Amino acid sequence: MRAFAELLERLLFAPGRNTKIALLRAYFASRPDPERGYALAAIAGALDFPGAKSATLKELAATRTDAELFSLSYDFVGDLAETIALIWPTQGDDAPDLPAVIEALRNAKRTEIPRLIEGWLDRCDPSTRLALIKLLTGGLRVGASLRLAKLALAEMGLVDVNEIEEIWHGLAPPYTSLFAWLEGRGPRPTPGEAPVFRPVMLAHPVETEDIARTDWRDFRAEQKYDGIRVQIVATPTGKRLYSRAAEDISASFPELLEALDFHAVLDGELLVIRDGEIAPFSDLQQRLNRKTTTSALQQKFPVGIMLYDLLFEATEDLRALPFDARRARLEAWFAATRPAAMQLSPLIPFTSIDELATLREAARAEASEGLMLKRGDAPYLAGRPKGLWWKWKRAPLSLDAVLMYAQRGHGKRSSFYSDYTFGVWTEAGELVPVAKAYSGYTDEELNFIDKWIRAHTIARFGPVREVEKKLVFELGFDAAQLSSRHKSGIALRFPRILRLRTDKPAEEADRLESLRKLI
Amino acid sequence: MFCSNTPHPERWLKPTPAGLYCLPGDFYIDPLRAVPRAIVTHGHSDHARPGHDHVLATPETLAIMRTRMGAERAGATQQALAYGETLQINDVNIKLVPAGHVLGSAQIVLDHAGSRAVVSGDYKRQPDPTCAPFEPVRCDVFVTEATFGLPVFRHPDPAKEIEKLLRSHALFPDRTHVIGAYSLGKSQRLIAMLRQQGFDAPIYLHGAHANLCALYESLGVPLGDLRPATVAQKTQMKGAMVLAPPSAVGERWGRRLEDPVVAQASGWMRVRQRAKASGIELPLIISDHADWDDLLATIAEVQAPEIWVTHGAEEALIRACALRQIRARALSLVGYGEEDGA
């Protein structure tokens, strides 16, 4: 456990991606099976301990600490696991090892688990305690993604990372066959016909300087739909719906799964489509992150898929083909298969970049986020290869708003005032809140804002500070909607901070009436 | 010590916007703005402010004030009172007792009409080779800080943290270790602890640290081979230890060094996301303030039936006092805890 804890701590503080990969690689190369495999599983989020939830830990902490002191501490630290690790009253030096923890949890009766955990916590120092809690509750949040772990494994085994990506979903912890292959002690594990996730191809945002230096005649245009990216996998051995991040979301959409009566791997956008019309993202949200669903929900928010790529037709891998050829295969396959609840994402004809620019601006009316631009000769490549796929989102709307309230963030931003409420002026010269934003600033700006907030607090309401109405921010947002939940009557979609406007006096911030015109 | 007919300290020691004011003695302790008479606990700028007519403090604190703000701003008249000596002003007896925070830091012991208040200023209980250790004094009211007044703050053994720094230095012999540390107190303590653990190589200093290190040495705290970092060649500092103010290490000043390992020595480093968000690669949990356990141990030792909390996380400390049946209240003095990086 100590080695794992030290890895997590070093990863958290390691400044760069390369340092992190080096740390992971050193760990995987030096630790034995099955410990390293379990560590990998922890980073992958592939471990689940049903008897050990954060509620269990909270209850344990409650039996060992004063409730009021705990809540004051949690408010300061901002992270539950870290609060428990630090406030736990003992200081031990005899941490259990990782496989032993996992085995013990697997064999324990549910009722025995809290006692087990309590014993381990007593034996650990704060840093191992934190690693243990993070392990038990999932969500290591150490700034090392599964992708980095795979890159480290690829370096260790001298293989291409995509070779690991391809087989990943056919593997299970503690990944002994994977390590055996990487160390030249065994064959490459193959997924066969298992319904595994295939690495997706992602797009770069179009920056101003890209517009002139790219020959857009080589590209095909499609709408950028405001849904979620999915991979549809149907093989003779199983059917799956994966999110872009390789998460299996099949359980939320049983009616889609049932309709998969073919053998193929497809790429598309999941949307709520009502009478042929694409509904706003907020409708789709009603269907996301559910372990089960009801027929009422299925009828109220009917989902469908806009298809834009075909990766496998039966067992034939099409990914090396250029986009144009894959598109032709997709159209032929679609015509022959007529899959239920699916449509083809239409290609949008265009002759010049100016025409595309007009189309992109029209996107707001089309309930789409902008345009996707894909090179006709591009193969389907894993990751975000440069210059092949572009996303050209419509320009955000913006307004100047005044900081009104601030709250400490959680996770990465914990113990900094990083969550803000912004307001604009009413006709009566009053500020009313219109948006909350948590992102869009640099670490340097965050430090500045945090300090400013501490120095300009005029009132506190629990964790919330009210500040002097002086600091102006330029906010970007995608749309303004009517809302009965806000005093201003308006809610902004995707608000984010574009710029700090220390140059602008608060009185010159935007007025509510100008915002109303945008609805 | 405190009988029913003696006036409770709250009748003669009052929090005011200018700081804690002693009525019968007509002086302020660590006043937040210029006043006719001030008693200063220690040299950090949030406690020792410029422009007072008359300043009473330990000789070390007076010297630190003169070095930092210039003799003319460090009090029109300065009066030194060594640890353990007493002085009477009107009918208040004053004694300065070591607080263990930085060189010269003192608790102000005030006796008036049979009751005693101790204003501790900032203090710590961990060992520090650069200053006299904290001495607990029994009293009726103990005025304490609460910078780390939350049970999540338990500072580890500082020697272990220095070992961590030396291990990293051995692991990355070509990288410059640049340690963010407050220029008064923390810097000298780190240097002295490195020397205690046998680190004899030159230590390079940011300009902000040099004067105060020289002053410490002149006041009898040896710090070994110190060199200015600002004029040193970048390559000369390859693999060296460099000390700089926390604000400089993450900035251009720190980045011009050779592939630096950015460290910071502060009690705040205990909270990871906080350390992380300030761009630190090597957090060192070393503080010149009492941690949670030491705050409570000190409160128990001075046996005061009543605790006043000047600044920091008052709420939690007051709660912990209540759990121990000790009266406690927050003085809500605004203006402390802003300088020393804890």
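User: In β16(A), which residue is the bridge partner of A:T457?

Analyst: The model is predicted, so local features need pLDDT of at least 70 and side-chain atom pairs count only at pLDDT 80 or more, while totals for chains, interfaces and linings use all residues. Residues are numbered from 1 along each chain as its sequence is written, and chains are lettered from A and ligands numbered from 1 in the order in which they are written. Helices (H or I, at least four residues) and strands (E, at least two) are DSSP runs, numbered from the N terminus, and two strands pair if DSSP finds at least two bridges between them. Here the partner of A:T457 in β16(A) is A:V467. Strand β15 (residues 457-461) of chain A and β16(A) run antiparallel and are joined by four bridges.

User: With which other strand does β16 (residues 464-467) of chain A pair in the antiparallel sense over three bridges?

Analyst: That strand is β12 (residues 397-408) of chain A. Within β16(A), A:R465 stands opposite A:A406.

User: How is confidence read, and where in chain A is it lowest and highest?

Analyst: One reads pLDDT, the predictor's confidence in each residue, from 0 to 100. Chain A has a mean of 89, with 97% of its residues at 70 or more. Confidence in this chain is lowest in strand β18 (residues 479-482), at a mean of 80, and highest in helix α17 (residues 323-337), at 98.

User: Why does A:L153 count as buried?

Analyst: A residue is buried if 20 or more other C-beta atoms lie within 10 Å of its own, exposed if 12 or fewer, and partly exposed in between, with C-beta atoms placed from the backbone. A:L153 counts as buried because it has 25 C-beta neighbours inside 10 Å. This residue lies in helix α10 (residues 146-157) of chain A. Contact is a separate criterion: two residues are in contact if their C-beta atoms, placed from the backbone, lie within 7 Å. Not counting residues up to four places away in sequence, A:L153 touches A:F28, A:I164 and A:L182. A:L153 and A:L182 are 29 residues apart in sequence, and their C-alpha atoms are 7.5 Å apart.

User: How many residues of chain B are in contact with chain A?

Analyst: There are 19 in chain B, in contact with 23 residues of chain A. On the chain B side, α7 (272-277) and α9 (314-323) are the elements that give two or more residues. Nonpolar covers Ala, Val, Leu, Ile, Met, Phe, Trp, Tyr, Cys and Pro, charged covers Asp, Glu, Lys and Arg, and polar covers the others, Gly among them. That side of chain B divides into ten nonpolar, two polar and seven charged residues.

User: What is the order of the open sheet of seven strands in chain B?

Analyst: The order is β7-β8-β9-β10-β11-β18-β19, with mixed pairing. Its edge strands, each pairing on one side only, are β7 (86-89) and β19 (327-330) of chain B. Axes are lines fitted to C-alpha atoms, for helices over the stretch in contact, and angles run from 0 to 180 degrees between N-to-C directions. The twist averages 25° from one strand to the next. Helix α9(B) packs on this sheet, touching β11 (141-146), β18 (306-312) and β19 of chain B, and its direction makes about 170° with that of β19(B). B:T86 has B:K95 as its bridge partner in β8(B).

User: Which way do the residues of strand β12 (residues 177-180) of chain B point?

Analyst: In a regular strand the side chains alternate between the two faces of the sheet. Here B:H177 and B:I179 point one way, B:V178 and B:G180 the other way, and all are buried. β12(B) runs parallel to strand β15 (residues 241-244) of chain B, joined by four bridges, and B:H177 stands opposite B:M241 there. Four bridges also join β12(B) to strand β16 (residues 261-265) of chain B, again in parallel, with B:H177 opposite B:V261.
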